[in-house]
Amino acid sequence: MNFHTSSLPLTVELPPAASSDGRSARWQSHREERRRELIKQARRAVHALGSDASMEEIATAAGTSKSVFYRYFGDKAGLQQAVGEVVLSQMQNRIKEAAQSAVTPREGLLAMVSAYLQMADTSPSVYAFVTSYTPAEPTEPTSPATSTGALGHFFDAIADMIAAPMRSHLGDVGETVIGFWPRAAIGLVRNAGEQWLNTPDSPAKPSQEAMARHITAWLCVGIAPELTPAPPTTKLSAKEGL
């Protein structure tokens, strides 16, 4: 059978592939830009409204509908994940910069703890929003990636940053310490830091600088100095005191 009949052209012209690719690239760029803008607006909304703000409240504050947020992020957990990737990346970079300026491992820890507390305290509502997890609907399967997400990567990266100066300081002798201590340290820093953030202001609440120094001291020497009993006070008789 001859498919080349006189009634059909021998060649078919197609639109240049580059044109289609160009439109696709522009559309993708537009979506990414729109997504970045929505993340920025959501961050502002949470800062103003609090970490429990609903998708509808966030969308209203952003001047759009919640269906737009659902289209770009799926659900509230997806939005938390997206905002968290941005916020925690900024925190990680700030903590890394702080650590690089330190001379000793202890100074490095103090710099990292200080940077962490400072950035978290800048907007406790946003910090709570990105470090909390909104469970999926009962009909939706829960993904481990969704439940850990940017938060897990953030604290893993910080643990590795803590381990680096410790490794150079301790060498092979401290391999066990380096293998386990950084992640234990992260637990102490995060739990103490979040409790500090949630403590109402009062004369008894440590300042940001004092809290950073307390946490660093607990990491380096523990609470042993606090547990050391004071030497007994020797009471002198009236005659001995003369």
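Guide: Welcome! A cavity is a set of points on a 1 Å grid over the protein atoms alone where a 1.4 Å probe fits but cannot get out; its volume is the space filled by probe spheres set on the points, which are joined across faces, edges and corners. This model is predicted, so local features need pLDDT of at least 70 and side-chain atom pairs pLDDT 80 or more, while totals for chains, interfaces and linings use all residues. Residues are numbered from 1 along each chain as its sequence is written, and side-chain values use heavy atoms, leaving out hydrogens and water.

Visitor: What volume does the largest cavity have?

Guide: The count comes to one cavity of 30 Å³ or more. The volume of the largest cavity is about 120 Å³.

Visitor: Which residues lining the largest cavity are closest to its centre?

Guide: Lining residues have an atom within 4 Å of a point. Of the 13 lining residues, the closest to the centre are Y116, I158, I162, I186 and V189.

Visitor: What relative accessible area does P206 have?

Guide: P206 sits in the loop between α8 (175–198) and α9 (208–221). Leaving aside neighbours within four places in sequence, P206 is in contact (heavy atoms within 4.5 Å) with W196, M211 and H214. Buried means under 20% and exposed over 50%, with partly exposed in between (1.4 Å probe, protein chains only). P206 counts as partly exposed because its relative accessible area is 28%.

Methods. Helices (H or I, at least four residues) and strands (E, at least two) are DSSP runs, numbered from the N terminus. On a 1 Å grid over the protein atoms alone, a cavity is a set of points where a 1.4 Å probe fits but cannot get out, and a pocket is an open set with protein on both sides within 12 Å along at least five of seven lines; lining residues have an atom within 4 Å of a point.
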